[in-house]
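Have a look at the structure first, then read on.

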Amino acid sequence: MAVPQAFPLGPLVESQSCPRSLAEGFLEEELLLNAELRQLQFSEPVGIIYNRVEYAWEPHHSYVIRYCQGPKKVLFLGMNPGPFGMAQTGLPFGEVSVVRDWLGIGGPVLTPQEYPKRPVLGLECPQSEVSGARFWGFFRNLCGQPEVFFHHCFVHNLCPRLFLAPSGRNLTPAELPAKQREQLLGLCDVALCWQVQLLGVRLVVGVGKLAEQRARRALAGLMPEVQVVGILFPSPQNPQANRDWEPVAKERLNEVGLLPLLTK
């Protein structure tokens with residue numbers, strides 16, 4: 001059975017008596033989910049699990065503290081970390097150069113138990129994550145400064161775990177055994193529901209069909225106050241994304257009325 005390795009996370013807030021900020025509340029919800037997910041075990045085809053909540057906590061903490069201080073109208077939702085993005089930096093769609101140079105996030109990343117062909121090098125990782133570069137590059141071109149984007153929006157992944165087969169191949173949650181997948185995503189769904197309510201989100205944008213479908217399922221009890229839409233996933237394995245992901249994404253965001261929030 002594959003289980004994630006634990007690391008000390010350090011104090012989340014200075015004192016329990018201090019009123020928590022919205023960002024601290026969001027981080028607390030992530031830690032609660034992490035504790036629940038640590039009770040799960042996974043069988044084949046899972047060979048190893050990377051738990052970025054623990055080994056990449058410092059840059060992730062910095063991201064949430066910097067960019068999640070106020071309520072958010074819009075949440076862009078991915079599924080789970082990619083091996084060259086969030087698994088390296090702790091940030092959703094966390095392509096290294098974007099995290100470092102545009103978002104301005106740094107900090108040490110610990111070394112988890114890892115597969116030799118999938119080392120965790122943090123912000124020293126030389127390989128670019130194409131989907132992350134496309135995603136954040138689009139908003140960098142559209143918004144100019146990260147503060148414009150994060151004034152109304154935030155980005156989060158439903159599941160904090162990266163799953164690898166014994167060969168090192170990336171496994172999506174959809175490829176896990178059915179019972180284990182539903183245990184995993186069921187806990188993530190509950191956490192998402194709390195996080196959406198905490199941030200005051202009114203629109204969730206699933207990045208890719210799987211994220212959109214899961215968000216609709218998780219947030220059914222909050223509709224119609226919370227709406228769910230989707231945009232094309234910016235994967236290099238998707239021919240349409242390779243041809244014209246940015247114009248397709250921009251057209252979709254315009255259809256759902258988001259462009260005015262991203263260009264002020």
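His60 counts as buried, at 1% relative accessibility; buried here means under 20% relative accessible area, exposed over 50%, and partly exposed in between, with a 1.4 Å probe and protein chains only. This is a predicted model, so to speak of local features takes a pLDDT of at least 70, and side-chain atom pairs count only at pLDDT 80 or more, while totals for chains, interfaces and linings use all residues. Residues are numbered from 1 along each chain as its sequence is written, and side-chain values use heavy atoms, with hydrogens and water left out.

**His60 and helix H3**

- His60 sits in helix H3; helices (H or I, at least four residues) and strands (E, at least two) are DSSP runs, numbered from the N terminus.
- The His60 side chain reaches the backbone oxygen of Gly90 at 2.8 Å.
- Setting aside neighbours within four places in sequence, His60 is in contact (heavy atoms within 4.5 Å) with Leu27, Glu30, Arg52, Met86, Thr89, Gly90 and Leu91.
- H3 covers residues 57-67, and its buried residues are Trp57, Pro59, His60, Tyr63, Val64 and Tyr67.
- Those buried H3 residues pack against helices H1 (22-37), H2 (52-55), H4 (86-89) and H7 (146-150), plus strand E3 (153-157).

**Phe139 in helix H6**

- Phe139 lies in helix H6 and is buried, with a relative accessible area of 0%.
- Not counting residues up to four places away in sequence, Phe139 touches Phe76, Trp102, Gly144, Phe149, Leu253 and Leu262.
- Phe139 and Glu246 are 107 residues apart in sequence, yet 9.4 Å apart in space, C-alpha to C-alpha.

**The largest pocket**

- On a 1 Å grid over the protein atoms alone, a pocket is an open set of points with protein on both sides within 12 Å along at least five of seven lines, a cavity is a set where a 1.4 Å probe fits but cannot get out, and lining residues have an atom within 4 Å of a point.
- The largest pocket holds about 900 Å³ of space, where grid points are joined across faces, edges and corners and a volume is the space filled by probe spheres set on the points.
- Its lining has 35 residues, and Ser131, Asn170, Thr172, Phe233 and Ser235 lie nearest the centre.
- H6 (130-143), strand E5 (170-171), helix H9 (209-218) and strand E7 (227-231) each give at least two residues to that lining, with H9 supplying the largest share, 4 residues.
- By class, the pocket lining has 16 nonpolar, 15 polar and 4 charged residues; Ala, Val, Leu, Ile, Met, Phe, Trp, Tyr, Cys and Pro count as nonpolar, Asp, Glu, Lys and Arg as charged, and the others, Gly among them, as polar.

**The cavity**

- Searching the whole structure turns up 1 cavity of 30 Å³ or more, and the largest cavity has about 50 Å³ of space.
- Its lining is made of Glu30, Leu33, Arg52, Val53, His156, Asn157, Leu158, Pro160, Ala191 and Gln195.
- H1, H2, E3 and helix H8 (178-199) each supply at least two residues of the cavity lining.

**The chain overall**

- The protein chain has 11 helices and 7 strands.
- Buried residues make up 54% of its 264 residues.
- The C-alpha trace spans about 50 × 45 × 35 Å along its principal axes.
- Of the contacts between residues at least 6 apart in sequence, 79% join residues at least 24 apart.

How values were computed. Polar contact = N/O pair within 3.5 Å; in protein donor to acceptor, adjacent residues only side chain to side chain.
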